[in-house]
Amino acid sequence: MKKKLLDGILIGAASALAALIIWHAGILDRLEYATWNWRVQFFAKPGPATGAIKLILLDQQSLDWGKKQNSLTWPWPREVYAPIIDFCTRHGAKAVIFDVLYSEPSVYGIADDRELADAISRAPLFVGSLCLHRDANFSTAWPAQVTDRLLFNIANFPSGDKLARLSATFPIDEVASSATVLANVIEDPDIDGVFRRANLFRIFNGKAVPSLGFAAFGTQYANNPGGTGPKLLPQVCSGRFEADCLQICGKSIPFDREGKMILRFRGPSGVFQSYSAAAVIESEILARAGGVETIKDSGSFKDAYVFFGFSAPGLVDLRPTPLSSVCPGVEIHAVLLDNLLTGDFLRDVPSMAVVLSTLMLAVLAAVSVVSFAKRVRHSVFGIALFAPLPAVIGFAAYPLGLWWPIIVQENAVLVALTGAVVLNYATEGRKKAFIKKAFSRYLSPAVIERIVEDPSQLKLGGQRKDLSIFFSDIEGFSTISEKLDPESLTRLLNLVLSDMTDIILDEGGTLDKYEGDAILAFWNAPLDQPDHAERACRAALKCQQKIREKQEEYSKLAGATLRMRIGINTGAVVVGNMGSVKRFDYTVLGDAVNLASRLEGANKFFGTRIMVSNQTWKETSGKFQGRRLGFIRVVGRGNPVEVFEPTGPERDAYNKRFDQALACCLGGKWRQALDLFENLPDDPAARVYADHCRQIVENPGRDWDGIWNLDSK
């Protein structure tokens, strides 16, 4: 046991080390992102602040409206955006946030830009856009009218190039001088192109430039001076970095290893209440004219943060998120604001916690399997217990606000489990492999597994048990074999027996033996199968179906139409290892076996393909449609047996007609039975009964007890 314990610890530690190395190298990131998406999709739901955020989207409907009703071509005149801002202002919005960069003067002239600037000045608080770039191909210094449009004073921010940007694209003077705050609208996706995280700010030329959502969050700390003109916000929010958090505005905001905030998505695209830009513009125009607004819930804009952005496909501002492959880019900024307002942040688990937990899980998994998995099912149980554990931990950590890596621990655990199973196979498995190899030619796989689990069963003996016995034979096989050369006969026999055996094994049957073209199989041993009769009947129907499907192939090899007869009986038999002390088989003995063989032969009398005993038919509990064939007394058995033929549902109506005729026959209504059977001319069983009824009708003195006495096998 000590050696096994040591082996398990070594395997687990090595597995954890390997997984942690590739995790640290970033090789597992793409797989981790997949589990990221699953967790977001599972837990996403609106938060307390979700209803306070509204979106106005310039969607395809708005573009079509502008073109058809107002002859507007793209880009729109900037005066068109003024009603959107005025609508928000008139309905008491807390802040208006525009995810639009007006970096060039309007093609419609300076008056167009001033119209937009005037609307911005009328807004309570307006967050405008600028773009920061990694290269130095744009402006590298702050314009004078922009420096007082920054909101945050952040000290002790991290050095390096993760947050630094070399150049910027600024809005035109009219927009810059009228806006309350300017914010960066550029966010970077993860390596798979999906947006899961966001920067609160970037550093440009020594100043902290907030992202659009962070700037919107900061506006709540400003005192609105009222009146007209730009609402200047001196840097009202001061903050500083402490370890992996930003302390600002009374909040401790965690950062991940990339210096970004992990977004807690609230739902798929559309979770924030959104409005078409065309509808907002029309409402504002109607209101100015004294009409009735088309937007009925405009009161919900009171004290709301209103984002404006593009969602029309042609405007190229759609982004993939864990919840949607196509999401308006402005919605990502809205998610960031939602998280900041609610404060239910997600944070990375410390690296040391990941290392220690990965090592612990891998070692526990390996030790459990190496030390305690003495049989296959024990290994399966260990795998079933430990394999999903990293995912369970990762999902359980999410509601607690912890972003727990799953893939690194999953890799460590799976490698540890694999190593443990391989080690077990190399030791305990050798003995089992020897037993399997030695007996694979003689016993069924199920029997071998039982012997592997309990080698003491390698002895003579059996047990009495109720089984369903299956016996099949190919009709006229002796005649067919006389016409074929040995090679063709072998090829035909191998093909047919392989097809039938596959069906029997698929239904959980145990193949006892082949006797020439005959097959003997049974159910409910060595493993218990409560539905053994049902399995046997289903296998018989499938065998006949296979014969019909492959009749053309069989007939070419046989030179004649191939037909198979099947008999099934359920009863008590002795099942176990039978033979000599040196050579034995797992087989069945008993009268129930003999009856199954007799029922196979009795098919010849009725011209049927499948015949089952009354006991088998009762055990199926009405699962199959079929018909009663009557009572027979077979060779070597004194008591009669009631027999049935299972059929497919397509013969249900026919079977009812046959049952009616048989009832008349067994009731002594010979003339009525004869008429009914003669109306079933294509059925060999019906012809047998019709001939018998006719003889009794023509010879009134004859009597019959309803039992067919069969004098041949």
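At what angle do helix H1 and helix H10 pack, and how far apart are their axes? Helix H1 (residues 2-24) and helix H10 (residues 351-372) pack at an angle of about 145°, and their axes lie 7 Å apart. Axes are lines fitted to C-alpha atoms, for helices over the stretch in contact, and angles run from 0 to 180 degrees between N-to-C directions. The structure is a predicted model, in which local features need pLDDT of at least 70, side-chain atom pairs count only at pLDDT 80 or more, and totals for chains, interfaces and linings use all residues. Residues are numbered from 1 along each chain as its sequence is written, and side-chain values use heavy atoms, with hydrogens and water left out. Helices (H or I, at least four residues) and strands (E, at least two) are DSSP runs, numbered from the N terminus.

The crossing of H1 and H10 is right-handed. A crossing is right-handed if the near helix is turned clockwise from the far one by less than a right angle, and left-handed if anticlockwise. Contact means heavy atoms within 4.5 Å. On the H1 side, the contact residues are Lys4, Leu5, Asp7, Gly8, Ile9, Ile11, Gly12, Ala13, Ala16, Leu20 and Trp23. They meet Val354, Val355, Thr358, Leu359, Ala362, Val363, Ala366, Val367, Val370 and Ser371 in H10. By class, this contact of H1 with H10 has 15 nonpolar, four polar and two charged residues. Here Ala, Val, Leu, Ile, Met, Phe, Trp, Tyr, Cys and Pro count as nonpolar, Asp, Glu, Lys and Arg as charged, and the others, Gly among them, as polar.

The crossing of H4 and H8 is left-handed. Ala82, Pro83, Ile84, Asp86, Phe87 and Arg90 in H4 meet a set in H8 that includes Ala277, Val280 and Ile281. The contact of H4 with H8 divides into eight nonpolar, one polar and four charged residues.

H4 is mostly covered, with seven of its nine residues buried. Buried means under 20% relative accessible area, exposed over 50%, and partly exposed in between (1.4 Å probe, protein chains only). The buried residues of H4 are Ala82, Pro83, Ile84, Ile85, Asp86, Phe87 and Cys88. Their cover includes strand E1 (53-58), strand E2 (95-98), helix H5 (110-122), strand E3 (126-133), H8 and strand E16 (305-310). After H4 comes Gly92, which has a positive phi near 80°. In the loop between helix H3 (60-70) and H4 lies Pro75. The peptide bond from Trp74 to Pro75 is cis, with omega near 0°.

Most residues other than glycine have a negative phi, and most peptide bonds are trans. A cis bond also joins Ala525 to Pro526, with omega near 0°. Pro526 belongs to the loop between strand E23 (518-523) and helix H17 (532-549). Asp303 has a positive phi near 60° and is not a glycine. Asp303 sits in the loop between H8 and E16 and is partly exposed, at 43% relative accessibility. Ser621, likewise not a glycine, has a positive phi of about 55°. Its loop runs between helix H20 (614-619) and strand E27 (625-633). Ser621 is exposed, at 58% relative accessible area.

Two strands pair if DSSP finds at least two bridges between them. E5 and E9 (residues 201-204) pair in the parallel sense over two bridges. Phe204 in E9 is the bridge partner of Arg165.

Two buried residues complete the picture. Val413, in helix H13 (residues 407-439), is buried at 1% relative accessible area. Val413 and Met360 are 53 residues apart in sequence and 9.5 Å apart in space, C-alpha to C-alpha. Ser613 lies in strand E26 (residues 610-613) and is buried at 2% relative accessibility. Beyond its neighbours within four places in sequence, Ser613 contacts residues including Ile568, Leu599 and Phe644.
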